[in-house]
Amino acid sequence: MVSATAAAVVVTFNRLEKLKSVVASIENQTHPVSTLFVINNASTDATGEYLASLETSVPLVVVTMEENLGGAGGFAEGMRRGYASGADHVWIMDDDCYPEAGALEALLRGFDEAVSELGGEVPFACSTVKFTDGSICEMNNPVPTWDWGRLLVKGQQNVMVTACSFVSVLIPRWAIAEYGLPYAEYFIWFDDREYTLRVTARCPGVQVLDSVVVHDMGDNRGVNFSMVDRKNFWKFSYGVRNEASWQLHHRGLLYFLEFGARLVVSFHRGRVPFDLRVKLLGRWLRGITFNPRIPHVDDVS
Amino acid sequence: MTVHRVRELPALFEIEDSLTGLSEREIRLLIGALNFHAVMAPERALDVHLYDGDDTSIPRLTDDATFDGLSRQFRRRVRTLRIRSLVTAEERSAQPQEAGSAALVAQNERHLHISSDTVVEKDPARPPRTDVIGRVARRVKAIAPLWYDEARDVFLLRHRRALRSAAPRQAYESQFERGGVDEGHVIVPAGEAEMGATRAVIIGMHWFEMGGAERWAFETVRIVREAGFLPIVLTDRDSHHGWIGRSELDGALLLPFSVPTDESQTPGVEQLLRTLLRMFDVRGVVVHHNQWLYDRLAWIRRSRPGLPVIDSTHIVEYRAGGYPRSSAIVSDSITKHHVISPQLAKWMIDIQGIPTNKIVMAPLGGLTIKPKDAMFRPRRASEPFTVAFVGRLARQKAPEVFVTLVKELHRDGSGMRFIMHGDGEQSGWIDDIIQADGLVDAIVRRTSAVSVEETLSEAHVLVIPSHNEGLTLTTLEAIQHGVPVVSTDVGAQSDIIPASALVSRNVHRAVRGMSAVVRALAEDEKAREDLWRRERKAEKKLLANETATQWFTEEIGTW
C-alpha cells in the first residue's frame, strides 16, 4: 500500500497576518502536505505581495482569483486543484485556522481507522476545532449521527458525523470524483454543510478528536437567524437563499416551508428589524429558482 | 542510435521501478502511455500517478486529462512512478497557438489508469437503463430484435448517399485559412531527422483487439520489423487492448492512445508526430483504420514529401462509408491504397475516382489459413446437422439474426444442432433474445476462449448473417476446414459465395432465405458438397492473386 498524500487548501481573503500563521502551521505538520494550495480570493490588502514572495518548506502553489468568489468558490477551486495534483486527500481550511503540528497526521490515521471499521466509503475526516482560549469553537461543532459512539467503543478517537464546517476537513479524492465539488454559486455560508451532507449520503464522516485546530475567529459565538443585524445581513442573505434552495431542491416542499416558518419565528425572537425580515424572506423565495448544478472536476470550463 | 528498452520493449524514457505485479498486457499499456508522455515532455522528469478502476473504466493513457488529472476516473491512486524522458528537446520558437498544449504539458505530474486483466476477461459493463423507457426498449429489443434492426436501417438510410458519391478531397492548406477548421493555426513542418536515427515505420491501428482487420495490421507490424525497421505503432481508439501482448508487437515502439488528445496536439504543429519524425528516420507510414493518422497524413507529407504512405481498407461501412471513405478524402496524401477485395477496389476506382495505379488489391490469404490442403468434410450418420455462427457479438455481425434463424429452424423439430461462438458488447442483448425465444437449451454458446477450429470441426454449415462485411476471414477459414458457408450478400462475400447461398441483408428476408438454404443443405449432402466445391474454387481464384502479405513484404523492401 502506498503512503497517503494530502494536499492542503487554504482559502484567504484580506487576513494577511492570520494567513501567515496558517502557512506556518501547515509547514510545521508532522505529516508534510504534498502541496500547499493557497487560494487568494482577490484580496485587496498586502496578501498578494506576501504570497508572491512566499517560500515554504513544502511545495507551494498560489492561485490568485480574478474576483472574490467567496469561501464556496475558493474551496471549489482549491479542491479541484488538489485533486488534479494527484493527492490522495485534500485538506481544506480557512485562513484563520491554525492546525496543531500533529493535526494532519491524526486526521490521516483517524480516517484509515474509520475505513477499517466502516468500509471504504468514509467520505471525510474533520478535526476538533478549538477557540483561541482553548474552549470548543461554538460555530464549528459537527453534527453527530445517532450512533456517534460506535467507533469510540472500539478504542478509536473518531466520532461519526454527518456534517461539519470547512475548518480542517480531510476529503479523499474518490469522494470528490464521485460527489463533485462544493457549489461555488453559494458564495458563502451553507456551502460546507450542504457539501458534507451530500458526501455522507451512504456513509458518515468522522470527527477525529485528537486532530486539533485553533479557529481564530474573533468572537466565539454560534450563529442562528435571530442574530441578524445590519452589519451581518449580507452573510445571512446568502445563508437564507442557500439553505432555502437546498431544502426545496434536495429535501422537498415541506422542508422548504418549515424552514420559512423557522425563519419567521427566529426573526421574531431576535427582534430583527422589519425591513431586514422582508428582504430575507425575499431571499428565502429566491431559493425556489436558485438551484445550481453540482460541479465536477472534469467539467469543461 | 540505440533505442533504450524497458522490459524488452523500446522505451523513450528511463524508469527505476521494475514494474513488478503487472501482467505483460498491463506493462505494455503502461510503457506505451509513458512513451507518449516522454515525447511530450523532452528531457524532463515526471511523477506518474497510476489509479485503479472498475469494470466500467477504460484505460486512460494519453488523453488530455492524463496531463491535468481532471477526470473522475482518477478515483484512487495505487502507485506513483518517476520517469525521465530520453527525448531531446527541439530547438525552435513555439507558436502562440501552442500555448494551450504548453500549459498542459508544463505540469510535472501525469495521471494514468491501466485496466487490469480481470476487466478484459469480462464483457464491457453496460448497466441497462432502469427507467420506464429503458425497460420497455430493452423488452422490445428482446422480443422483436429484427424489427429493431429494420427501424435502425430506416434511420440509417440518410447515410446511403455517401456510399454512391465521391468524397470531397481534403484541402489541408485551406484548413488553416480564414473560415477553415484550423483557422488561426499555422503549419510548422517537422525538422530533419537526427543524425544516425533508427530507421522506422509509423503504423496506425484502430486498437489492439481481436478482429480480421487487426490480424492483418499485426501482420504488417511483423513484416516491418523483419524488414529491419523499428515499428512505431499507434492506436486511436479507447480500448482495453486485449491483444497488446501479441508477439507481433515484440520490439515495437507502442503508443496506444486514449482520447481526446486535441489540447496536447496543436493543429499544424503536431507535437507527437514531429518528435517521432525528428527522433527516427521514418521511411514510411501505414494506416489501418486510424482516423487520427488519416487526419495528419497531409502534415506528414508536407514534412516529408517523398515519404511512402499506404493505407489498408476492408469494408465500405453503410454508415457514411467508414474508413474507405476517410481514405478517399485524404487520397492525395496516400501513395497506395491497399484493399482486400475486387469489390472494394472497384468502389475506390469507380465511385471515388482514385487512379487505378494507386489501388492494390491483395486478399488476406494466409493469415489464418493455408490455401492448400482443404478437403470437404462429409457428415457422418451419427452427427446431428450442425449450424455454426462464429464472430463477435457485435452489431456488425448480426448475432440476433442468427438467433432468429435458430428459432425458425428449431421450431419444426429438425433435430439440428446450433453453435454460437463468440463474445462481445452485445452479449447481454443476445442473452435477452435467447431467453425470450426459449432457446437457452437449443444453442451451444462458446466464448473466444474456445478455438474457432474446434467449432468448425463440428460444423456442417457456417452462417454469416452480418449487416456489413468486407470479406470475412471466417469464410476462408470455414472453407479451409471443409465447411460450406451461407452468407448475407454484403461487402465482398459474393466474391466467394455463389448466388445460391447468398441472401438479402434485410434481416427478415435473411432469416427466410438462410432457413431455406440451410434446410436444403441438411437434406442433401451432395448439394452441401457442391456448394463447398464452388466456394473452394472461388477462394482459390481469389487467393491466386498476390496475397496482402506477399505484396506488403515486397513493398516495404523498397523503403
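B:Pro260 is found in the loop of chain B between β9 (253-256) and α10 (271-279). The model is a predicted one. A cis peptide bond joins B:Pro260 to B:Val259. The omega angle of this bond is about 5°.

Positive phi angles were examined next. A:Asn14 is not a glycine, yet its phi is positive, at about 55°. A:Asn14 sits in the loop of chain A that runs between β1 (6-12) and α1 (16-27). Is A:Asn14 buried, exposed or partly exposed? A residue counts as buried with 20 or more other C-beta atoms within 10 Å, and as exposed with 12 or fewer. A:Asn14 has 16 C-beta neighbours inside 10 Å, so A:Asn14 counts as partly exposed. B:Leu19 is not a glycine either, and its phi is positive, at about 55°. The loop that holds B:Leu19 lies between β3 (13-15) and α1 (24-40) of chain B. B:Leu19 has 14 other C-beta atoms within 10 Å and is therefore partly exposed.

Chain A is divided into two parts: domain 1 covers 6-215, and domain 2 covers 225-289. The C-alpha centres of domain 1 and domain 2 of chain A lie 27 Å apart. Six residues from domain 1 of chain A and six residues from domain 2 of chain A make the contact. On the domain 1 side of this contact in chain A, five residues are nonpolar and one is charged. No polar residue is found on that side.

Helix α7 of chain A spans residues 233-251. How far apart are its end C-alpha atoms? The helix has 19 residues, so at 1.5 Å a residue it should span 27 Å. The expected span is 1.5 Å times one less than the number of residues. The end C-alpha atoms of α7(A) are 26 Å apart, which agrees. Just after α7(A) comes A:Gly252, with a positive phi of about 145°.

Helix α8 of chain A covers residues 253-269. The axes of α7(A) and α8(A) come within 6 Å and cross at roughly 155°. Angles over 145 degrees count as roughly antiparallel, so α7(A) is roughly antiparallel to α8(A). From α7(A), the contact takes A:Val240, A:Glu243, A:Ala244, A:Gln247, A:Leu248 and A:Arg251. From α8(A), it takes A:Leu253, A:Tyr255, A:Phe256, A:Phe259 and A:Leu263. Of the residues in this contact of α7(A) with α8(A), eight are nonpolar, one is polar and two are charged.

Chain B is divided into domain 1 (5-92 + 99-120), domain 2 (159-363 + 547-557) and domain 3 (386-543). Taken over C-alpha atoms, the centres of domain 1 and domain 3 of chain B are separated by 43 Å.

The two chains also touch. Here 12 residues of chain A are in contact with 16 residues of chain B. Which elements of chain B each supply at least two residues to the side that touches chain A? They are α2 (65-68), β5 (77-85) and β6 (109-113) of chain B. β5(B) gives the most to this side of chain B, with four residues. By type, the residues of the side of chain B that touches chain A divide into seven charged, five polar and four nonpolar.

Note on methods
Residues are numbered from 1 along each chain as its sequence is written. Chains are lettered from A and ligands numbered from 1 in the order in which they are written. This is a predicted model: local features need pLDDT of at least 70, side-chain atom pairs count only at pLDDT 80 or more; totals for chains, interfaces and linings use all residues. Two residues are in contact if their C-beta atoms, placed from the backbone, lie within 7 Å. Ala, Val, Leu, Ile, Met, Phe, Trp, Tyr, Cys and Pro count as nonpolar, Asp, Glu, Lys and Arg as charged, and the others, Gly among them, as polar. Domain bounds come from an automatic or database domain assignment. Axes are lines fitted to C-alpha atoms, for helices over the stretch in contact, and angles run from 0 to 180 degrees between N-to-C directions. Angles under 35 degrees count as roughly parallel, over 145 as roughly antiparallel, 65 to 115 as roughly perpendicular and the rest as oblique.
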